[in-house]
Amino acid sequence: KRLPSHGAAVRTDFALMASCGALHGSSAAAGIGRVSGVDVEKLEAGIVAGGDDATAPGSPRPSSSSGSTFAEEDEVATQEGKSEDVRRCVALARFCTWMYPLSQRTAGDRSGGAPRLEALDGPRWVASIQIVLYHMYSTEPGLRQYFAWFSCWTQLFFLLSGFVLSYAEMAKPRRAGVSVFRYVRRRLTIIYPAFFLSLLLTVTYAPGKTAFEWSMLPLHALLLQSWFPVCVTNDPASERPVSCSPWLYNGEAWFLSALLMFWLVLRPLAEFFRRRGLAFSSATLVVCWLFSFVFHLFGQDSRLTEWLGCTDTLCPFVLMVAIRSTPLGYFHVFVAGVASARVFMLVAMKDAKTGERITAETQRVTLSERSAPLLLRFGCCCGYLGYAGLVLLATPWIDSHLYFFHNGGLLPVMLLVLIGAAIGEDPVAVWVFRSRPMLVLGRISYLQYLMQHVLQGWIERTFGWEDNRTAKLLFVPALMFFAYCCQRWVEKPYTEYQRGLQEKGVRGCDDRCIEGLEKAAATCFRVR
C-alpha cells in the first residue's frame, strides 16, 4: 500500500501480500501495492493487466478428461488458486481504501495551497480522552496518582492551536488580511455553537443557581470567564467552599476563554517568528519550557500566598485559578506552539518554487520529510514512549510538581508528538492517526472534551453516579456517541451555514458589531 503523507508517499507492505503466492510481483500485486490506483472492479472480474494468467471467475476453466495428465491437473489447480488470491487481494484493497481514505489524495489535490497536516487531529483526541478519564475515574482506588498525569494534557490544546494557526499564517505569502476582529469571528464560528449548546444544557438541566452564578452568566456567554477570575466563598455547609468564575457552569470551557485572548495576538506572533531562524525559534522553545518552573515556584504548596501573608480561605483558591485556568498560566505554551510551527517549517519543509530552504519571503511551501532529524521524523513514537516512561518512573513526584507538569512541563513530549504527526513519516501518524476511526475521533475530540460534565451531570441526576458501576462503564462510549451527534447535527451544519452566508455576502448583526469595533479601534489609534 502506498499512503501519501501530506503530499509525499510512504511505501509500506502488507503481510497478506505474502499469501498471494505467485501473484507477488505480478501486476495484480502491484495494483494492490498502490490501492488508490488499482481498478478494483476490473481486478474483481479477473481482468488483470500485464499478462497475468490467473483465470477470470466467469471464464471457462479447462476440464479434466480421463486422458488428462497430472501436469494439466496441477495447472488447473494453480489457476484456481490464483483466482482465490485475486479475490483475497481485492478484499484487502477494499478494506485498505476504506480504512485509509487519505491514501487516495495526492499532492496534486492541494495545488496552490500549503500541505494539510491531517494527522494532527489524532493527538488532540488522545489528549481529550485522557482528560475525560481523569475527571471521571481519578477517584477509583489505585488510579489517582497515575491519572494525575492525564490532567496535564489540557496544555496540548493551547500548543496545538498555536502550532496549527501560525503554520497556516506562515505557510502563505504575506498579504493584507482581514482585521483581527474578523479573524477572531472566523475562529468563533467553529467553536462557539458547541460551546453555547453546552452552556444552554448546563443552565437548563441544573436549576437552583446562586446569585453569584447568575451574575457570572454574561461572562460565560461572552467567553470572558477566564479573563476575570472572580471567586467568592460559599456557605460552609456546601460541597465547595469557594466558587470561581472560570469553573462555573461548564467548567471545561475555560480554555476557550483563554484561547480567545491568544487569538488576538496570534497573527502578530506568527509574523514575528516568520522572520526568525531555527536557532532563535529553538531557543524560544527551551525558554518556554523553563518558564514552567515559575508556576511550580509560586503555586506549589501555596508558596506565593505565604509570601504575601494571605492566609484566608479565598486567597489560595484565587491563586490556583489564576495559574491553572486563566491565560496567564498558558501564554508561554501558546508561544511555544507558534515557535514550534516555525521549527517544523524550517527543518521539514522547503520552498516549492526553488527547492531550497524556506525564508521569510517564501511564497509557497512543500514538505521535505527526509531533511528533518530522525528524532522528529519519529516524534510520535519517541514522544509517547517518553510519556510512558514518565508515568512509570516519575509518578511518585507528580503531586509535588503538579504545577510544573500541568503548566508546560510536558512541552518536550508534546512537541515531539506534534512535529512527528505533522511530518507524517512516524508509524503512529501513518497507521493510527491517519486511519478512518482516528479521523472520526479527531473530529469529535473538541465536543468530547466540552460535553463530558454535561453528560455526566445529567447521568448523575437521573441514574446516580458514585455507586452506579454500569453508568461508569458505559460513560465513555456514550460520551463519544453524544459528541458525534453534536458534531454531526449541531457544529457542522451551523459552520456550513455561516460560511454560506459569508460567501453570499449576507451581513448579520455580528458583522455590524465588528464594523463598529473596527471604527472604534481606528478612531482610537487616530487620536493617539
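Predicted model: local features only at pLDDT ≥ 70, side-chain atom pairs only at ≥ 80, totals over all residues.
**Entry 1: the main core**

I looked up the largest nonpolar core first. It holds 118 residues. Which members touch the most other members? I found Trp153, Phe344 and Phe475. I then checked which element gives the most to this core. It is helix H14, residues 331–348, with 13 residues. I noted a general point beside this: in soluble globular proteins, nonpolar side chains tend to be buried together.

**Entry 2: around Phe344**

I picked Phe344 and listed its contacts, leaving out residues up to four places away in sequence.

**Entry 3: positive phi**

I turned to the backbone. Most residues other than glycine have a negative phi. Leu223 has a positive phi, near 60°. Where does Leu223 lie? I traced Leu223 to the loop between helix H8 (211–221) and strand E3 (231–233). Is Leu223 buried or exposed? Its relative accessible area is 1%, so I wrote down buried, as the cut-off is under 20%.

Tyr249 has a positive phi too, near 55°. I placed Tyr249 in the loop between strand E4 (242–244) and helix H9 (254–264). Tyr249 has a relative accessible area of 13%. That is under 20%, so Tyr249 counts as buried.

Technical notes:
Residues numbered from 1 in each chain as written. Heavy atoms only, no water. Core = buried A, V, L, I, M, F, W, Y, C linked by side-chain atoms within 4.5 Å. Buried < 20%, exposed > 50% of the residue type's maximum accessible area, 1.4 Å probe, protein only. Helix = DSSP H or I, 4+ residues; strand = E, 2+ residues; numbered from the N terminus. Contact = heavy atoms within 4.5 Å.
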